[in-house]
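Let's take a walk through this model together, one piece at a time. Have the sequence and the 3D view ready.

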Protein chains: 2
Amino acid sequence: MFKNNDFIYIEYTAKIKDTGEIVDTTNEEEAKKANIYDETRNYGPRLVILGENRLIKGLEEALYNFNLNEEKTIEIPPEKAYGERDNSKIKIVPLGELRRQGITAVPNRVLRLSDGSLAVIRSVSGGRVVLDLNHPLAGRTLVYNVKVVKVLNNAKDKIMALIERRFSSKYANGFNVELDDGKKSVRITIPKDLYLVEDLQINVYSLAYEIVNYVLADYTVEVLQQYNKSTFSSS
Amino acid sequence: MFKNNDFIYIEYTAKIKDTGEIVDTTNEEEAKKANIYDETRNYGPRLVILGENRLIKGLEEALYNFNLNEEKTIEIPPEKAYGERDNSKIKIVPLGELRRQGITAVPNRVLRLSDGSLAVIRSVSGGRVVLDLNHPLAGRTLVYNVKVVKVLNNAKDKIMALIERRFSSKYANGFNVELDDGKKSVRITIPKDLYLVEDLQINVYSLAYEIVNYVLADYTVEVLQQYNKSTFSSS
């Protein structure tokens, strides 16, 4: 049994109940077999902070009732996954309009619209294309096979996990984290090789936000950079 | 008499020797009178770090021989100002080419070229325009009236001056600077209202560079941000 703000790691594979089609998995081999491998993604156990709401509602709710090393298969109805289908999201557009955007209209092709959302081409006939703007998994009941493989119990491990989630492992190892429970502060020293990496500051800000929200609510997070002559010597 | 890495403040007005035309000044009223007022610029005494080479060569060289509160008029030949004129930088272009770029060709008009450099239109006739790509002050002897109005003597004042040069006064006052001569470190605490301002990190990096190069060569510069719950509360 877990509670809000617990840091757990899960492994899972998700299928569409009706078809058995694998739509998401933390397992690299499974992803390749199912033809959904994404080389930009990190496979392996995934960090979940309970209450953060990064997962679909039904999965996150179910996780509160797991124990460490427990593996379960859970069924998640559309209203706790990607929503019911909404027929008002089916649009008919002229074939010529898609052609002008360089899109070849083929049934079942998934398009990314300019606002970032997805649409599926349902049919093409008589110069008209039926576009379905529902999420591709809307209306689907999903079946998740899930295992909780790790639980973090101390603040420093949780902070390191947040750093690893936000910065690539190349940089994450260079962070230094020191807790001072007397002063109620945690000092995070940024590795020098991040000083000129784009988006450092917004990542530092977000990391501090996550620490005071999910790990150490009444602590001060001190973020430190250290410069000296050698920082600026060309090498 | 000043030396390398001295922090001084100067007031000056610069004229073209031949014409008496004022081309630069630290005095806001003078700038308005001479029709060269720039509202994006901060008028008043200007910080100069000797050896930083932000000024034209002849002016910076002369400053080593000033004393505090001394005022002098110095003449700077082209080779220590904006260089000699180079006739190979005079180009003839078809009038139509400028028209296509939306430029009305009028003699003496100064253009900013796509690479950021300046050009002066020397003449327009018979569909041809003579463009002069020399710096507008190339070939000119300049006369500077200069006064050294302030000298900074301690490291903390110098660091505050660097902060004020880099961050607008709205933010500069929020910085905290603490020197520890025993540990040979200086700690700079960034004001919270800068955390989400664009380019904070590159400015922090540049500030640290200036401190170890011009103020405290053998010190460590520690740059600190402090976050707690209240940092993220909407207000």
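## Strands, a hairpin and an interface

Start in chain B, where B:Val120 stands opposite B:Asp132 in strand S8(B). Keep in mind as you look that this is a predicted model.

S7 and S8 of chain B sit in an open sheet of four strands, and reading across it gives the order S5-S8-S7-S6, with antiparallel pairing. At the edges you'll find strand S5 (90-94) and strand S6 (110-112) of chain B, each of which pairs on one side only. Going from neighbour to neighbour in this sheet, the strands are turned by 35° against each other on average, direction ignored. As background, strands of a sheet pair through backbone hydrogen bonds, either parallel or antiparallel.

Hop over to chain A. Here, too, there is an open sheet of four strands, in the order S5-S8-S7-S6 and with antiparallel pairing. From one strand to the next, the twist averages 35°. Pick out the S5 end of this sheet: S5(A) pairs with strand S8 (residues 128-132) of chain A in the antiparallel sense, over five bridges. If you want a landmark there, find A:Lys91, which stands opposite A:Leu131 in S8(A).

Strand S1 (residues 7-16) of chain A and strand S2 (residues 22-25) of chain A run antiparallel, with three bridges joining them. Together S1(A) and S2(A) make a hairpin with five residues between them, and A:Gly20 in the turn has a positive phi of about 80°. Within this strand pair, A:Lys15 stands opposite A:Ile22 in S2(A).

What does the UniProt record say about this part of the chain? An unreviewed entry lists residues 5-94 of chain A as "domain: PPIase FKBP-type". Over residues 5-94, chain A is 14% helix and 32% strand, and the end C-alpha atoms lie 49 Å apart.

Let's turn to where the chains meet. On each side there are 26 residues involved: 26 of chain A are in contact with 26 of chain B. Between them, about 2,500 Å² of area is buried, and carbon and sulfur atoms give 60% of that. Which residues of chain A lose the most area to chain B? They are A:Tyr205, A:Tyr227 and A:Phe232, together accounting for 27% of what that side buries.

How many salt bridges are there between chain A and chain B? The count is zero. Polar contacts do turn up, though: the rule finds 12 residue pairs across this interface, with both residues at pLDDT 80 or more. Helix H6 (200-214) and strand S12 (220-227) of chain A each supply at least two residues of the side that touches chain B. H6(A) gives the largest share of that side, nine residues.

One last stop brings salt bridges back. Over all chains, the structure holds 29 of them. In one, the side chains of A:Arg166 and A:Glu210 meet at 2.7 Å, N to O. A:Arg166 lies in helix H4 (residues 155-166) of chain A and A:Glu210 in helix H6 of chain A, so this pair ties together parts that are 44 residues apart in sequence.

Methods: Residues are numbered from 1 along each chain as its sequence is written. Chains are lettered from A and ligands numbered from 1 in the order in which they are written. This is a predicted model: local features need pLDDT of at least 70, side-chain atom pairs count only at pLDDT 80 or more; totals for chains, interfaces and linings use all residues. Side-chain values use heavy atoms; hydrogens and water are left out. Two strands pair if DSSP finds at least two bridges between them. Axes are lines fitted to C-alpha atoms, for helices over the stretch in contact, and angles run from 0 to 180 degrees between N-to-C directions. UniProt positions are given in the numbering used here, feature names are shortened, and annotations may be inferred rather than shown by experiment. Contact means heavy atoms within 4.5 Å. Buried area is the accessible area (1.4 Å probe) that two parts lose on being put together, summed over both. A salt bridge is a side-chain nitrogen of Lys or Arg within 4 Å of a carboxyl oxygen of Asp or Glu. A polar contact is a pair of N or O atoms within 3.5 Å; within protein, one must be able to donate a hydrogen and the other to accept it, and residues adjacent in sequence count only if both atoms are side-chain atoms.
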